Amino acid sequence: MYLTRIASGILIFLFSASLLFHFLVLGNVIPYEMVWGGRIENREQLIQFETFSIISNIIFLVIILKKAQILAWNISPKAVRIGLWVIMIMFFLNTLGNLLSLNSTEKWIMTPLTAITALLTAILIFTKKQD
């Protein structure tokens, strides 16, 4: 239980920080070359990809908040469990993608963060009951 609380707290922080980061990219505060492997070609593409990131991060945050029993919404434990598996798999694949990034900042900073996110999500999946 203690391990799941720590993992949940770190994930809540990471997804909240990620939301802020993606809003800053959309607002041109952070250069868009730092995201999506440095492969964004125009503003329209940036908006589409960043909108996907923001919506995904909100969904991921809701799943973690529900798993941590912070959010009182009526979401089935099975849906939360499936959501956790989706997060873990996506961030594992994202880690592999970050290794191939054309942007060195993304490669060296985001690769460990996505790997940690996948690992922390695995802790929530495989640590016995907190639903």
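The crossing of α2 and α3 is left-handed. The model is a predicted one. Helix α2 spans residues 43-67 and helix α3 spans residues 77-99; the two pack at an angle of about 130 degrees, and their axes are 10 Å apart. That angle makes α2 oblique to α3, because angles over 145 degrees would count as roughly antiparallel and those from 65 to 115 as roughly perpendicular.

On the α2 side, the contact involves Phe-60, Ile-63, Ile-64, Lys-66 and Lys-67. These meet Val-80, Gly-83, Leu-84, Ile-87, Met-90 and Phe-91 in α3. Sorted by class, the contact of α2 with α3 has eight nonpolar, one polar and two charged residues.

| Residue | Helix | Relative accessible area | Contacts beyond four places in sequence |
|---|---|---|---|
| Ser-8 | α1 (residues 2-26) | 2% | Ile-64, Ala-68, Leu-124 |
| Thr-117 | α4 (residues 104-126) | 5% | Leu-11, Leu-14, Phe-15, Phe-91 |

Ser-8 is buried at 2%, and Thr-117 is buried at 5%, because buried means under 20% relative accessible area. Ile-64, one of the residues of α2 that meet α3, is also in contact with Ser-8. Phe-91, on the α3 side of that contact, is touched by Thr-117.

Ser-8 and Val-35 are 27 residues apart along the chain, and their C-alpha atoms are separated by 25 Å.

Note on methods. Residues numbered from 1 in each chain as written. Predicted model: local features only at pLDDT ≥ 70, side-chain atom pairs only at ≥ 80, totals over all residues. Heavy atoms only, no water. Axes fitted to C-alpha atoms, helices over the stretch in contact; angles between N-to-C directions. Parallel < 35°, antiparallel > 145°, perpendicular 65-115°, else oblique. Left-handed = near helix turned anticlockwise from the far one by under 90°. Contact = heavy atoms within 4.5 Å. Nonpolar A, V, L, I, M, F, W, Y, C, P; charged D, E, K, R; others polar. Buried < 20%, exposed > 50% of the residue type's maximum accessible area, 1.4 Å probe, protein only.
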